[in-house]
Amino acid sequence: MNKRRPYVRPMDGWWRKNPFFVEYMVHEGTALFVAAYAAILLTGLVRLSQGEAAWNAWLSALKNPWYVGFHLLALAAIAYHTYTWFKIMPRTMPPVVVGGQRLPAWAITGSGLAVAAAASAALLGLVWGLVR
Amino acid sequence: MSEKQKIIEIEVLRYHPEKDKEPHKQVFEVPFTDDMSVLQGVQYIKDYLDGSLSFRWSCRMAICGSCGMMINGEPSLSCQTFLRDYYPARVRVEALSHFPIERDLVINMEGFIEKLESIQPYIIPRETRTLAQGEYLQTPEQLDAYEQFSSCINCLLCYAACPQFGLNSNFIGPAATALLHRYNVDSRDGGKSQRMELINSEEGVFNCTAVGYCSEVCPKHVDPANAVNQNKTNSAADYFLRFLTPKGGAK
């Protein structure tokens, strides 16, 4: 008789067992804020198509302190999501060779973050200019 | 030796398939010196405290890839992890996660061996050559394309670091994909179309959700996450190319 009886350990709560996995779940979780914010903007677009009254109602709804609070929370979550997104980026790309040298991981992460910061600043500047 | 002998507690997850229903913890008090690895601690247990403790090891210098264990919950080669870094706290030692435990710290790695065979880990020549044509020549750039992926020692730490493999053991996983990639990007090899079938399959690269821990724990800096994710791109290209080429791409 075969005396082997390999034991398979359960995977319940796997993501709580290692700080790396907790961090992974947090950065995946922040994607929900990206989706939620997209839904808010889409709602705005729908309200805009329904006429001026609907659009103004949506704008004043956004001034609710709860909504303002949510925006601050979403900003923090999306900033963290952006940071972790570019942190993992070097692992997801083919090697980038510049001048015969492979681009190091920090350079890829750094340029991603720089582009994200520049794009955010440009968008903020544009919107700021429009509302003034 | 005027210094007092230091004693560290090593907690080992024991499992004896003929006696135990499930694994259980056992704590040993092990005298140690600052130059002792966790592997040497476990060897001390086997030599002096409990000869029935089972574990794999061979080279003691991070070359053979046999002595992988979960040390305080992290996949590590026990030969290059030192007891002094845990003292005076207790160090927890367990068989590599996500694999069935055969006995104590020994895992069942049959599944990995099958996967390793399935990726055809050898050069499938691009063209038939005779001996008279001499050796293959490669430029440093061509060597650089695959060299890091050829450093894999099959220690399986990356599988113990991959929750997606833990949830679905059919996933071909980090090391096998890294080795598959190693041959696919070798300028001498012509077997890519055969291997891409595996990459594109249900067991293939899209099981990966870019956790990235596999590359963190790799003792040889293979970066298996990079191999897996590059092949997501290759797989997508393969899929769309079939619309452009009459016979190319995915099957």
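Q: How far does helix α2 of chain A reach from its first C-alpha to its last?
A: In this predicted model, helix α2 of chain A covers residues 31–49, which is 19 residues. At 1.5 Å a residue, a span of 27 Å is expected. The helix comes out close to that, with a reach of 27 Å.

Q: Which residue just after α2(A) takes a positive phi?
A: Look just past the end of α2(A). The phi there is about 115 degrees, and the residue is Gly51(A).

Q: What pattern does chain A follow along the sequence?
A: Chain A has 5 helices and 2 strands. Read in order, they give α-α-α-α-β-β-α.

Q: Is chain A spread out or compact, going by its radius of gyration?
A: For 132 residues the globule rule gives 14 Å, and the radius of gyration of chain A is 22 Å. The C-alpha trace spans about 80 × 50 × 25 Å along its principal axes.

Q: Does Cys64(B) count as buried or partly exposed?
A: Cys64(B) sits in the loop between α1 (38–49) and β3 (68–71) of chain B. Being buried takes 20 or more C-beta neighbours within 10 Å, and being exposed means 12 or fewer. Cys64(B) has 16 inside 10 Å, so it counts as partly exposed.

Q: Which residues does Cys64(B) touch, leaving out those up to four places away in sequence?
A: Leu77(B) is 13 residues from Cys64(B) in sequence, and their C-alpha atoms are 10.0 Å apart. As for contacts, Cys64(B) touches Ser58(B), Cys59(B) and Ile153(B).

Technical notes
Residues are numbered from 1 along each chain as its sequence is written. Chains are lettered from A and ligands numbered from 1 in the order in which they are written. This is a predicted model: local features need pLDDT of at least 70, side-chain atom pairs count only at pLDDT 80 or more; totals for chains, interfaces and linings use all residues. Helices (H or I, at least four residues) and strands (E, at least two) are DSSP runs, numbered from the N terminus. The radius of gyration is taken over C-alpha atoms; the globule rule is 2.2 Å times the number of residues to the power 0.38. The expected span of a helix is 1.5 Å times one less than its number of residues. Two residues are in contact if their C-beta atoms, placed from the backbone, lie within 7 Å.
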